[in-house]
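Hello! Here is the structure I promised to pass on to you. Have a look at it first, and then read my notes below.

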Amino acid sequence: MIHPNKKRLRRSMMFLNAQKPSLIKDPYIYRADSIMLDLEDAVAENQKDAARYSLYHALKEINYRTTERVVRINGLDTPHWKEDIRVCVAGGADVIRIAKTESAQDVHTVEEHVLAAEKEFGRPEGSTLLMAALESCKGVLNALEVCKSSERLIGIALSGGDYTKDLQTKITGTGVELMGARQHMIIAARAAGVQCWDTVFTNLDDMDGFRRETEMIKLMGFDGKSLVNPRQISIVHEIFTPSEKEIIFAEKVVREINEKKARGIGVFTVDGKMIDIAFYDGAMRTLNLAKAAGIYEGDL
């Protein structure tokens, strides 16, 4: 059975240090689709237990409303990830993000421990979803097997900083160094029927650059972007939410295809554009995105 939230709207996924109460007490006010409560890089090695304690109480006591709660656990090469999983499941996290994923086996390993924790803490089996962060050349090359690894897996995310280090280059702002990984990952995700998110943009003084990058990854097919600051949310939502013009055109396409198909007509025009059945899925995706964003109430 497919989890009802597996394909929910995830345009924006904002990172927050799970150890800092001031950051995690009310981030829903920014209206990100998902928040990423971080137990990994944002937390010092000698503060992991304190971060888990803070995370557990936040998950149990704070009403995050419609905002999805994702937790990034420590890598499988550390001594922390098993306890991270237990705390995530006990607290009722919606999704666990697996850091430094390189293979389907990494996902299977985490899934086994998640299932054990669900049984231990009386959570419904299958209620905790997973996502995988690809942070190395090996992980990117294995994107398809990772995407197909588990029914719990909602998708994959690029971690550009670690990936470029492994590639022996650096983030340049041009996007050239990430283009191969981005294209490979989105192809793998679409082939497997899961979602795909782009890496963070850390230069908060270059909002124009952030907009250009977000527009580019939207054109590439990504579902959304990882974020480091609330200022970035509105730009991502603007770019990833269909415009009124796009919604109207998608409605026309769906309506015309349904009508023409019943009459045995395969090719026709809508607003001067040649249309056939291949346009149907894209038009329905536009309408579903608009509906998920709360700006469309049609029933096509």
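**The barrel and its helices**

Strands β3 (residues 68–72) and β4 (residues 95–101) run parallel and are joined by 3 bridges. Two strands pair if DSSP finds at least two bridges between them. Helices (H or I, at least four residues) and strands (E, at least two) are DSSP runs, numbered from the N terminus. Across from Val70 stands Val95 of β4.

Before going on, please note that this is a predicted model, in which local features need pLDDT of at least 70 and side-chain atom pairs count only at pLDDT 80 or more, while totals for chains, interfaces and linings use all residues. Residues are numbered from 1 along each chain as its sequence is written, and side-chain values use heavy atoms, with hydrogens and water left out.

What do the strands build? They form a closed barrel of 8 strands, in the order β1-β2-β3-β4-β5-β6-β7-β8, with parallel pairing. From one strand to the next, the twist averages 25°. Helix α4 packs on the sheet and touches β4, β5 (129–134) and β6 (153–158); contact here means heavy atoms within 4.5 Å. The direction of α4 makes about 145° with that of β4. Axes are lines fitted to C-alpha atoms, for helices over the stretch in contact, and angles run from 0 to 180 degrees between N-to-C directions.

Now for the helix pairs. α3 and α4 (residues 104–120) pack at about 45°, with their axes 9 Å apart, and are therefore oblique to each other. Angles under 35 degrees count as roughly parallel, over 145 as roughly antiparallel, 65 to 115 as roughly perpendicular and the rest as oblique. Among the residues making this contact are Trp81 and Ile85 of α3 and Val110 and His113 of α4. By class, the contact of α3 with α4 has 6 nonpolar, 2 polar and 4 charged residues. Ala, Val, Leu, Ile, Met, Phe, Trp, Tyr, Cys and Pro count as nonpolar, Asp, Glu, Lys and Arg as charged, and the others, Gly among them, as polar.

At what angle do α2 and α3 pack? For α2 (residues 48–61) and α3 (residues 81–91) the angle is about 15°, with the axes 8 Å apart, so these helices are roughly parallel to each other. Their contact includes Leu55 and Tyr56 of α2 and Val87 and Cys88 of α3. The residues in the contact of α2 with α3 are 6 nonpolar, 1 polar and 4 charged.

Enjoy exploring!
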